[in-house]
Amino acid sequence: MAIHTFTAVVKGVRPLTHDVRELDLALIEPAAIQFKAGQFVSFDVPKAGRPAPVTRPYSIVSPPSVQDRITLLLNLVPGGPGSTYLFSLNTGDRTVFKGPTGAFYLRDEESRNLLFVATGTGIAPIRSMIATQLARRTNQTVTLFWGLRSQRDLYYQAEFAELARAHSHFSFTTILSRPEPGWTGSTGRVTALVQERVASVQNLAVYLCGNGGMIRDVTTLIQGRGLCPIYREKYYDG
């Protein structure tokens, strides 16, 4: 898949939490993009104290079936050149990015059930993968475990709940590591869900996206239960 330079215009900015937002980019030139669910695009952005721009990757959260625009998921990191730049964009602004690229993408493995594990905004490529997988209308079980910090960090909950109602073979659990009083859902680290609920890896494919500690721990847990494909992407914003 060739890497191109795209010019786009900001069509929408959607705040999701106190420090997370979606950025909707409509393509100008080229007018369409083809990518695999899970891949990313990159921005060259200025960084204080450096003469040359730095490159920051952002996974595409929208599915490949939408080709005239892309949606990105952004987490504001204080002092981070990439998120500082993208958070400064407003509706009507133009921007330039390169892509698509990345080896973390949804495979076509109809014989395997799928387990997705994410922390924080590592949900971005996984959201694209889940939407793509459910559109395939196979009988594969699709499970999502998503770790966040507290209630103020919750988003996409209604969307995933609606997908679970529409697709009986899809289920998701959001677990909070530091919930405020009143939380009635799962509490702890997302690795605990893998420990408790994944008894066998037979006919399973695993996709992990988030912080390095989660990826390391879940990989160890899965490999302790046997051999299966594990696809991983360490995710960070900056």
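Predicted model: local features only at pLDDT ≥ 70, side-chain atom pairs only at ≥ 80, totals over all residues.
Residues are numbered from 1 along each chain as its sequence is written, and side-chain values use heavy atoms, with hydrogens and water left out.

**Aromatic rings**

- Rings of Phe, Tyr and Trp (for Trp, the six-membered ring) pair if their centres lie within 6.5 Å; planes under 30 degrees apart are stacked, over 60 edge-to-face, and the rest tilted.
- That rule gives 15 aromatic pairs.
- In one of them, Trp146 and Tyr155 have ring centres 5.1 Å apart and planes at 85°, so this pair is edge-to-face.
- Trp146 is buried at 0% relative accessible area, and Tyr155 is buried too, at 6%.
- Trp146 also pairs with Tyr156, this time tilted, at 6.4 Å centre to centre and 35° between the planes.
- Helices here are DSSP runs of H or I with at least four residues, strands are runs of E with at least two, and both are numbered from the N terminus.
- Trp146, Tyr155, Tyr156, Phe160, Phe170 and Phe172 make up one aromatic cluster.

**Charges over a ring**

- A charge sits over a ring if NZ of Lys or CZ of Arg is within 6 Å of the ring centre and within 35 degrees of the ring normal.
- Tyr105 has the charged end of Lys36 over its ring, 4.2 Å from the centre.
- The charged end of Arg107 also sits over the Tyr105 ring, 3.9 Å from its centre.

**Helix packing**

- Axes are lines fitted to C-alpha atoms, for helices over the stretch in contact, with angles from 0 to 180 degrees between N-to-C directions.
- Helix α2 (residues 123-135) packs with α3 at an angle of about 25°, their axes 12 Å apart.
- That makes α2 roughly parallel to α3 (angles under 35 degrees; over 145 is roughly antiparallel, 65 to 115 roughly perpendicular, the rest oblique).
- In α2, Ile123, Arg127, Ile130 and Leu134 meet Glu159, Phe160 and Leu163 of α3, where contact means heavy atoms within 4.5 Å.
- The axes of α4 (residues 190-197) and α5 (residues 212-224) come within 10 Å and cross at roughly 5°, so α4 and α5 are roughly parallel to each other.
- Val190, Thr191, Val194 and Gln195 of α4 make that contact with Met214, Asp217, Val218, Leu221 and Ile222 of α5.

- Ile60 is in the loop between β4 (54-59) and β5 (69-75), and is buried at 0% relative accessibility.
- Leaving out residues up to four places away in sequence, Ile60 touches residues including Phe35, Phe40, Leu72, Ala124 and Ser128.
- Pro81, Gly82, Ser83, Leu86 and Phe87 are the buried residues of helix α1 (residues 81-88).
- The buried residues of α1 pack against β2 (20-29), β3 (40-45), β4 and β5.

Key: Buried < 20%, exposed > 50% of the residue type's maximum accessible area, 1.4 Å probe, protein only.
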